[in-house]
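This briefing goes through one structure by topic. Look at the sequence and the model first, then read the points below.

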There are 2 protein chains.
Amino acid sequence: MASTIKDVARLAGVGVGTASRVISGKGPVAPETAARVQQAIETLGFRPSSIARALSRKSLDMLGVYVPQYQGLFHGAVLETIGRELREVDRHMVTASGGACGDARLQALDGIDFLRQRECDGLLLMSHELHDDDLRQLHAQMPQIAVLNRIVPGLESVCFSSDHELGGRLAAQCLLEAGHREVAIISGPHHAPDNEARLHGFLDTLGAAGVRVPSERIITGDFTPASGRAAAEALLARCGPAPLPFSALFCANDPMAIAAISVLAAAGLRVPEDLSVVGYDDCEFAAHVWPALTTVRIDIGAVATQATRDLINRCYGRDRPVIRDVAPELVRRQSVRRVDAA
Amino acid sequence: MASTIKDVARLAGVGVGTASRVISGKGPVAPETAARVQQAIETLGFRPSSIARALSRKSLDMLGVYVPQYQGLFHGAVLETIGRELREVDRHMVTASGGACGDARLQALDGIDFLRQRECDGLLLMSHELHDDDLRQLHAQMPQIAVLNRIVPGLESVCFSSDHELGGRLAAQCLLEAGHREVAIISGPHHAPDNEARLHGFLDTLGAAGVRVPSERIITGDFTPASGRAAAEALLARCGPAPLPFSALFCANDPMAIAAISVLAAAGLRVPEDLSVVGYDDCEFAAHVWPALTTVRIDIGAVATQATRDLINRCYGRDRPVIRDVAPELVRRQSVRRVDAA
DNA sequence: CTGAAAGCGCTAACAC
DNA sequence: GTGTTAGCGCTTTCAG
């Protein structure tokens, strides 16, 4: 059996109170006494029980984080960042993700409940399946939350996101500047607030330039490569074989863009010669596929950093610096090509 | 303040023991009494404190998992699986990953220590940076561990891995059958046991067919796309421009293969027309790039499943079914092409 | 500066 | 069946 603080106290010939003080490093202890306790700790190989400490201090020193899934480039970056930020302040995280099947919203609710049962000090939430109301309701019961990648009306102070509408505008501008006026879109899920924002920014900017996107050229995917493939196939089926009636394609994330390009290539269409493609996110692969993807960079890691720090500040009375705005940025690579005005 | 079991007991007019029994569902309770307690729980919105329970039962019902990083396709799948398996038995996981900088082995050791401090009931470990001895030593102190993706001599019973040597052989056979006799390799890190196993299987199979791979055609990467790109560039620089002195390239994982192909494409080399490429892992993108990657499928999720179940069985006296062998499998797609015997 | 003692909320004996 | 009680290992008053 592992030794306890009592053993340490006994061995050092002091009371448990004193032992506790030197272990936690807070409270006055005579240097000489401290040394004796330290000694006892070493010889016993004592490790304080975080559980007992938690019970008495009423905190496990941990934050819960919900992500719909661990897979994929996007969420990994988020977890990575959160974990790092937390360890810097000697806290940790428990994670929950959506289960295998069933309604995604229910899964999220369930995952959040799971985390609350675990008595997290706060929650970091990433989900586009949850309704605004779900989040507002949760916040009412548990104010220690931070919402990632979406802005919930009424909860602005705990929401952290890049400006996806601006991101959409950037993509549109890039295409417009290159002379494109006939475009198609592979969208993300329509209930995803971030997707809607970028789509809105994109369409609005296009519209301001007098460009309309007919609805049959907008296909909905779910952010996975497989859905990107299906969407591209649908687009091809719908718009007939080459020559395509559009010269540019905007995809709501890079994985779908990459998959779409592979479908296009299989159909004999070259990017960017026959079709320009703009992705979104700037995932790790964007720079490493052929052609390298022109995309809108979303620094989701930076967003996660701010959210985490803010939550740390609120939960632990810290004062970590948090920079609020993380601007999306267009990164030009090879998948967009200038086209002659007709 | 949240209500406690005492409040519930008082409201229901029973002793805490009884309340505890109905909450945990174990121990005899009269149905009528149980109903009263249940009622009290509802009206109070009572949630048992997992911390207090943990202190008294000496278990947080959680397993620790160490992965070098969250990012990337590979580790995400592992976490996904572990999380799911755990929730099925109402347990959860804490995760730790390597920090930003410094010696990767030290980071892993540090992460493991972090997990142990959190009093996990057991540890799932994924790291190719750790020495065999590190793991053996840890196991001596804490037998509740499971090691993923490598087989440590002396620790076979707690190690779970696909047969990477066989995986390497599969890749070699595929190339040999297609008539290739001049090959190049982009390897993973040489201290990674899984990489070494697949390389060994690959080279050995080639060797048995009388094919040798000159050392200047073996470049070492670190499994990231960026390293795959660098490796491919080095290969090109080393072996001059087209025509290449080799007709096939084996990459130790798919992300490096994808990046390598993009470099090749940029240099005007077509896959598979000018060069055949075989990847490894069958990551999510393998089927969705152009050309679709012929690769060796490693079902890392299945490996994680077995490991997790086995650890659950050991830690919680369960008896979940665990199937031991997960065989690698060649999946033929478009990146390999038959070549005429010279 | 230090020791004693009272919890933290729950579980598990143990009597009734 | 049910109530009482003694811990689990630590933190935190509170005297001394």
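In this predicted model, 55 residues of chain A are in contact (heavy atoms within 4.5 Å) with 55 residues of chain B. Local features need pLDDT of at least 70, side-chain atom pairs count only at pLDDT 80 or more, and totals for chains, interfaces and linings use all residues. Residues are numbered from 1 along each chain as its sequence is written, chains are lettered from A and ligands numbered from 1 in the order in which they are written, and side-chain values use heavy atoms, with hydrogens and water left out.

**Chain A with chain B**

- The size of an interface is often given as the accessible area lost when the parts come together.
- About 4900 Å² is buried between chain A and chain B, counted as the accessible area (1.4 Å probe) that two parts lose on being put together, summed over both.
- Carbon and sulfur atoms give 59% of that area.
- On the chain A side, Ile51(A), Arg87(A) and His288(A) lose the most area to chain B, together 14% of what that side buries.

**DNA strand C**

- DNA strand C is surrounded by 27 residues (a heavy atom within 4 Å), and the closest are Thr18(A), Arg21(A), Thr33(A), Ile5(B) and Ser56(B).
- Of the DNA strand C atoms within 4 Å of the protein, 70% belong to sugar or phosphate and the rest to bases.
- A backbone N or O atom of Ile5(B) lies 2.3 Å from a phosphate oxygen of DNA strand C, and for Gly15(A) the distance from such an oxygen to a backbone N or O atom is 3.0 Å.
- The elements that give two or more residues to this surface are α2 (16–24) and α4 (50–57) of chain A together with α2 (16–24) and α4 (50–57) of chain B; helices are DSSP runs of H or I with at least four residues, strands are runs of E with at least two, and both are numbered from the N terminus.

**The sheet in chain A**

- Six strands form an open sheet in the order β7-β6-β8-β9-β10-β11 (chain A), with mixed pairing; two strands pair if DSSP finds at least two bridges between them.
- Its edge strands are β7 (218–220) and β11 (329–331) of chain A, each pairing on one side only.
- Strands β8 (residues 248–251) and β9 (residues 276–281) of chain A pair in the parallel sense over three bridges.
- Within this pair, Phe250(A) stands opposite Val278(A) in β9(A).

Conventions
A polar contact is a pair of N or O atoms within 3.5 Å; within protein, one must be able to donate a hydrogen and the other to accept it, and residues adjacent in sequence count only if both atoms are side-chain atoms.
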